[in-house]
Amino acid sequence: MLDRGFIINNLYNFLITTIMNRKNFSTSDGVVEMLILGDPNSEEKVLIMAGKHGDEPEGVYIIKNFLIPYLEENEFFNKCFVIFPNLNPNKVNACLDKLVKKEIKKYEMLREFRFTESGVNLNADYPTVYREEDDAFLQATQTSIVIDAVNGYGCGLILDFHTNGPSYMSLYKYDEKIGKALAEEMGKITKTASRDYVHHKNKGKILSGTSGTYFGRERKIPIITIELGRAKPQYDFFRHCERLWKRHKPGLDYLFASFPDPDDDDIQDGCGENGVSAS
Ligand SMILES: [Zn+2]
């Protein structure tokens, strides 16, 4: 009998080969795919990414198995979606394998998969104006690929999938005022809390090197981070992801339907000099 992972993987491969707009990038962490869905001439371009942290494979699985098929079928096709389903493929896939085989008793055991093979934290690798001393940026090819895609396609909205490390609860994060209204409205629809990155557990500290600080705070591009709720180790990973998708889909419907207006005051006035808040 064919196992579920085999069927899903083949379904995904079949789907992907039907999409012409796809590009592969070789990195030291495996092949990173980029897909373009929708109308490439649309003014409204959304960048979607997942898998920066290898110990957070839920977003990768959801994008490949639910979000891409959904976007292919629905009416959002007056928009264009630039999608990186898996930015840290070797580590995400190794982590997913452990989860599916239920070899994980505690989530701390997944930490070894978090960074790239060369030890880069892909969410601390963006060349932010705001930086701590000794910060090294752009160590990974993946970071340049994402920045080039946002600039090259002119993406006006970014969605970044993560998994909530310390909690089983999902959470929407935004950076400063950028994306706040969108995250709050999504949160009302899906009954999910939303928070400013800076004020969440960071005691008002701006985060150096994150894509939130880089795109949101400094470049004023609304970026929403979806922190998906963790599954307890004894849960079935696939069923957990299916539940997460059902829960967050109405929020994503709202987000895609209400693409942010670039003339919005929150987007224009969110930041101080050089785009960096003085707070
Ligand atoms: Zn993460």
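The dialogue below goes through how to read several features of this predicted model.

Me: What should I know about the numbering and the model before I start?

Reply: Residues are numbered from 1 along each chain as its sequence is written. The model is predicted, so local features need pLDDT of at least 70 and side-chain atom pairs count only at pLDDT 80 or more, while totals for chains, interfaces and linings use all residues.

Me: How many helices and strands does the chain have?

Reply: Helices (H or I, at least four residues) and strands (E, at least two) are DSSP runs, numbered from the N terminus. The chain has eight helices and eight strands.

Me: What share of the residues counts as buried?

Reply: A residue is buried if 20 or more other C-beta atoms lie within 10 Å of its own, exposed if 12 or fewer, and partly exposed in between, with C-beta atoms placed from the backbone. Here 44% of the 279 residues of the chain count as buried.

Me: Is V60 buried or exposed?

Reply: V60 is buried, because 27 other C-beta atoms lie within 10 Å. V60 belongs to helix 2 (residues 58-73).

Me: What is V60 in contact with, leaving aside its neighbours within four places in sequence?

Reply: Two residues are in contact if their C-beta atoms, placed from the backbone, lie within 7 Å. With those neighbours left aside, V60 contacts A50, G51, P85, N86 and V92. The C-alpha atoms of V60 and P89 are 9.3 Å apart, although 29 residues separate the two along the chain. For the chain, among contacts between residues at least 6 apart in sequence, 75% join residues at least 24 apart.

Me: Which residues touch the most other members of the largest nonpolar core?

Reply: In soluble globular proteins, nonpolar side chains tend to be buried together. A nonpolar core is a set of buried Ala, Val, Leu, Ile, Met, Phe, Trp, Tyr and Cys residues joined through C-beta atoms within 7 Å. The largest one has 66 residues, and L47, I63, I83, I158 and I224 touch the most other members. Helix 2 gives the most to this core, with seven residues. As for I83, its contacts beyond four places in sequence are M34, L35, L37, I48, I63 and I68.

Me: Which residues of helix 4 are buried, and where do they lie around the axis?

Reply: An α-helix has 3.6 residues a turn, so residues three or four places apart point the same way. In helix 4, the buried residues are Q142, T143, V146, A149 and V150. They lie on the same side of helix 4, because they cover an arc of only 130° around the axis (the arc is that of the directions from the helix axis to the C-beta atoms). On the other side, D148, N151 and G152 are exposed. The buried residues of helix 4 pack against several elements, including strand 1 (22-27), strand 5 (157-163) and helix 6 (211-218).

Me: What span should helix 4 have?

Reply: The expected span of a helix is 1.5 Å times one less than its number of residues. Helix 4 (residues 141-153) has 13 residues and should span 18 Å, and its end C-alpha atoms are 18 Å apart, which agrees.

Me: Which residues of helix 3 are buried?

Reply: They are P89, K91, V92, C95, L96 and L99. Their arc around the axis is only 165°, so they are on the same side of helix 3. Strand 2, helix 2 and helix 7 (237-257) are among what covers them.

Me: How do helix 2 and helix 7 pack?

Reply: Axes are lines fitted to C-alpha atoms, for helices over the stretch in contact, and angles run from 0 to 180 degrees between N-to-C directions. Angles under 35 degrees count as roughly parallel, over 145 as roughly antiparallel, 65 to 115 as roughly perpendicular and the rest as oblique. Helix 2 and helix 7 pack at an angle of about 70°, with their axes 10 Å apart. The two are therefore roughly perpendicular to each other. E58, Y61, I62 and F66 in helix 2 meet C241, L244 and W245 in helix 7.

Me: What is the phi of D134, and what is the phi of K220?

Reply: Most residues other than glycine have a negative phi. D134 is not a glycine, yet its phi is positive, about 70°. K220, also a residue other than glycine, has a positive phi near 60°. D134 lies in the loop between helix 3 and helix 4, and K220 in the loop between helix 6 and strand 8 (223-228). D134 counts as exposed, with 5 C-beta neighbours inside 10 Å, whereas K220 is buried, with 21 other C-beta atoms within 10 Å.
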